[in-house]
Amino acid sequence: MESEATGMRALWARGHAPVDPASLVAFRVAFGLLGMVSAERFLSFGWDERLFDAPSFHFRYYGFGWVPTPPDGVVTGLFVAILALGSLIAFGLVTRLATVLFAVLFTYVQLIDVTTYLNHYVLVSLLAFWMCLMPLGARGSLDAWIRARRGRPPRPPLRAWMLWALRFQVAVVYVNAALAKATGDWLLHGQPMGIWLAARTDTPLVGDLFAHHEVALVLGWAGFLYDLTIPLWLSLRRTRVPAYTLLLVFHGMTAVLFDIGMFPWIMTAAATIFFEPAWPRRLLGRLVGPRDEASRPIEPTRPRRGLAVTLAIFALLQVLWPLRAHAYGGNVLWHEQGMRFSWRVLCREKNGSIRYRVRWTGSERERYVFPQRYLTDHQEREMAGQPDLVLQLAHHVAADHRARGYEDVEVRVDAWVSLNGRRMARMIDPDVDLSRVPDGLGKASWILPAPGGAPIRLQRPPRVAEDER
Amino acid sequence: MRFSSFFLLAASGLTLASCSGDGAPSDTGPEADARRQVLAAFADDVVVPRLARFRGDAAALETAAQAWAAAPADATARGAAQAAFVDAMDTWQELEVLQVGPAGTTGDIEGGQGLRDEIYSWPTTNACRVDQETIEDAAATPDGLRSELVNVRGLDALERLLFVVDETTACPSSSPLILDGLWEAVAATPGDVTARRASYAASAATLVRERAEELEAAWTGGFRDELATAGAGSVVYRTSLDALNGVSDALFYLEGITVNVKIAEPAGLSGCETADTCPEARESLFADRSLANIQANYRGYVAGFRGGEGMGLDQLLRDVGASDLADRMDAAIVTADPVVEGLSGTLPALLEADPQGLDPAFNAIQDVVRLQRTELVSVFNLRLPQSVAADND
């Protein structure tokens with residue numbers, strides 16, 4: 001017991017050791033700037049209106065049905081606010097409050113509609129929540145400058161655990177992104193990489209290579225190994241520079257090849273947290289100023305068991321939650337149970353065709369309801385491959401019919417889906433009345449097993465003779 | 001290497017890498033060439049011949065409508081104009097499924113000039129608005145009609161003008177046309193409404209002919225080459241895949257409009273809940289050509305998929321290793337052909353005889369388009385129509 005307590009105190013002491021704040025300041029600045037760019041993209045591309053205002057129906061995350069739908073135009077205002085908050089975070093003005101508001105607003109926007117789910121948005125929210133716990137405005141910020149101008153002493157230094165937490169969060173993303181690729185389709189058949197690359201043969205310089213199946217396999221394996229090991233290589237001093245060079249190449253390629261938005265830039269910036277805390281000082285020299293608190297003696301603090309346990313549980317949850325898909329069995333890319341919040345980044349090509357069949361008391365035959373009656377094209381495309389969303393819309397279809405006076409409404413679905421170019425197959429049991437199936441986290445018996453067999457293997461078309469072009 | 005130098009070098013490399021994605025693509029491999037073969041065949045063997053036919057049909061319709069305008073009481077002249085309309089509409093309905101480029105909505109479709117709505121604006125058709133124009137002098141000349149909304153000067157307006165024989169109006173009693181006695185005043189003179197309709201029809205037919213010529217000229221004068229050189233010099237299509245996506249988007253008309261609206265709604269399969277069938281929801285209310293329109297849509301789709309005499313999407317599927325899908329799409333088409341072509345008579349009569357008479361066509365066509373929506377877009381890595389170009393991960 002005593003040694004355990006001693007070990008805890010030692011860990012606490014190491015975690016609370018002051019660190020050079022330079023890398024955390026750089027992280028904060030990059031986070032704020034990328035947050036601004038993300039918000040600006042929503043506004044300039046009109047996604048605020050097309051993804052949030054245009055739909056008449058919104059898909060909710062399980063347990064978050066209570067999230068209010070904002071009136072038209074409000075989301076635009078929220079993104080303007082997020083943009084402004086990003087700038088406050090970058091400059092370090094009212095930093096803690098700006099970070100809390102950023103985290104809340106950014107997360108709220110994501111909770112409005114599941115079809116806007118993106119892994120990197122989740123990462124931004126998690127990083128923002130971590131940052132809420134850290135006094136990142138204490139150094140290298142307008143807050144610190146104003147405080148100094150007023151003759152007040154500087155705030156307490158930034159601590160080592162803050163680096164650990166952010167490194168842990170970034171590592172969780174990479175490692176789980178790798179585990180998600182540990183499938184036969186990805187590693188043995190080169191799919192869906194092969195499908196995506198065959199459509200990118202126009203890429204300058206290397207496009208011609210993308211038509212070869214072997215290249216899809218090599219890049220698939222490279223991506224898998226990269227995701228799996230990059231946190232380790234970034235953590236080791238000797239491998240850090242080549243690892244970050246590789247990271248730049250990897251994320252540069254994904255940025256060029258895929259419509260992956262801010263993800264490469266967020267990871268490129270976030271990975272700098274693995275560097276020595278003083279790296280900005282080494283890069284920019286006197287612009288950053290001299291190091292201060294790292295040279296100060298460590299002030300002993302008593303371990304706060306409650307905080308430590310809370311952080312440990314949160315960290316453990318981060319490790320375990322992405323693994324929940326394995327508890328469901330089957331192919332998560334097909335049934336999608338445990339798919340979200342698991343860092344399964346870019347690992348499937350899935351397209352579906354959905355039509356509902358509705359029957360009520362007195363109806364002599366089933367009537368079809370097409371998703372576009374309730375959904376935008378974007379929502380329909382996203383829903384078509386995600387059984388829980390198909391279920392949600394089935395409930396809405398039933399409720400809509402009941403509201404119009406129909407009784408004993410039954411809703412079934414013809415859901416045909418192709419995964420990684422395979423022959424389409426029914427994803428949902430067409431005989432199950434989905435109006436009576438509750439949403440939940442349990443294993444869904446109404447989802448049919450994934451089709452077997454290998455995914456499609458594409459080939460190069462024959463060369464066209466010069467005179468036929 | 002100094003730490004700072006490494007960073008500058010790495011940052012420069014990343015910037016260059018990202019910039020290259022926005023630069024001119026090198027869309028030159030066998031995949032791109034094969035796509036361009038499909039696109040060229042789509043233009044040369046499928047769209048342009050139909051546009052030429054439609055231009056001729058529109059000219060014939062104009063001539064016939066003018067002849068009827070010169071003799072509004074002549075039933076034979078009216079019949080000839082109706083026959084010319086049927087020919088033009090049959091051709092146009094094939095082109096409805098092939099709305100790539102100039103026919104498409106400006107801003108939504110690459111190369112779009114909004115010419116489709118100028119020619120045929122269904123389903124924004126408004127019979128009452130056509131009746132309002134009928135009693136206004138502006139409709140008597142093409143120039144007077146030119147500035148009016150699209151839903152009173154295209155084939156949809158012509159259908160009402162040519163095929164509604166009685167001199168009643170579609171406007172409700174609350175409309176100014178009735179409240180102010182305007183319609184009654186014209187209808188008081190027997191034949192006056194018909195004469196006005198004939199004159200209006202001639203004006204509208206002239207505008208349709210002009211737009212038909214404009215559409216054909218847009219294709220033969222440049223857009224055909226834009227399509228055929230997609231990714232290799234085209235200013236409209238940055239890559240051959242973008243252009244192929246345009247073709248795929250257009251073909252989805254068969255699912256989104258033909259199956260889900262033109263068939264499902266009147267057949268009572270969707271959106272018709274208070275009766276077994278809703279024939280009043282059919283497309284062609286006055287000429288009763290709804291079944292013919294469905295058949296023409298289907299023929300347009302098949303032609304677009306197979307590429308006429310040239311290389312079609314079916315061959316492209318085989319060339320990239322998706323022969324199984326090509327075979328199944330061909331089989332679905334072979335199955336659907338007799339079902340769709342076997343539709344005869346008028347839609348109300350068909351449903352009167354058998355309320356489920358359209359179900360086989362609905363299912364057969366769905367079997368075809370479902371393969372496109374699920375597998376074909378996967379194989380070619382296409383986006384679905386009107387999808388928001390949002391991020392993805």
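The model is predicted: local features need pLDDT of at least 70, side-chain atom pairs count only at pLDDT 80 or more, and totals for chains, interfaces and linings use all residues. Residues are numbered from 1 along each chain as its sequence is written, chains are lettered from A and ligands numbered from 1 in the order in which they are written, and side-chain values use heavy atoms, with hydrogens and water left out.

Helix H8 spans residues 160-180 of chain A, and helix H13 spans residues 263-270 of chain A. Helices here are DSSP runs of H or I with at least four residues, numbered from the N terminus. The two axes come within 10 Å and cross at roughly 130°. Axes are lines fitted to C-alpha atoms over the stretch in contact, and angles run from 0 to 180 degrees between N-to-C directions. The crossing of H8(A) and H13(A) is left-handed (the near helix is turned anticlockwise from the far one by less than a right angle). A:Val170, A:Val173 and A:Tyr174 of H8(A) make the contact (heavy atoms within 4.5 Å) with A:Phe263, A:Met267 and A:Ala270 of H13(A). The residues of this contact divide into six nonpolar, no polar and no charged.

Now turn to another pair in chain A. Helix H5 (residues 95-112) of chain A packs on helix H6 (residues 119-132) of chain A at about 150°, with the axes 9 Å apart. H5(A) and H6(A) are therefore roughly antiparallel to each other. Their crossing is left-handed. From H5(A), the contact residues include A:Phe102 and A:Phe106; from H6(A), they include A:Tyr121 and A:Phe129.

Buried means under 20% relative accessible area with a 1.4 Å probe, protein chains only.

Nine of the nine residues of helix H7 (residues 155-163) of chain B are buried, so H7(B) is largely enclosed by the rest of the structure.

Note on methods:
Helices (H or I, at least four residues) and strands (E, at least two) are DSSP runs, numbered from the N terminus. Angles under 35 degrees count as roughly parallel, over 145 as roughly antiparallel, 65 to 115 as roughly perpendicular and the rest as oblique. Ala, Val, Leu, Ile, Met, Phe, Trp, Tyr, Cys and Pro count as nonpolar, Asp, Glu, Lys and Arg as charged, and the others, Gly among them, as polar. Buried means under 20% relative accessible area, exposed over 50%, partly exposed in between (1.4 Å probe, protein chains only).
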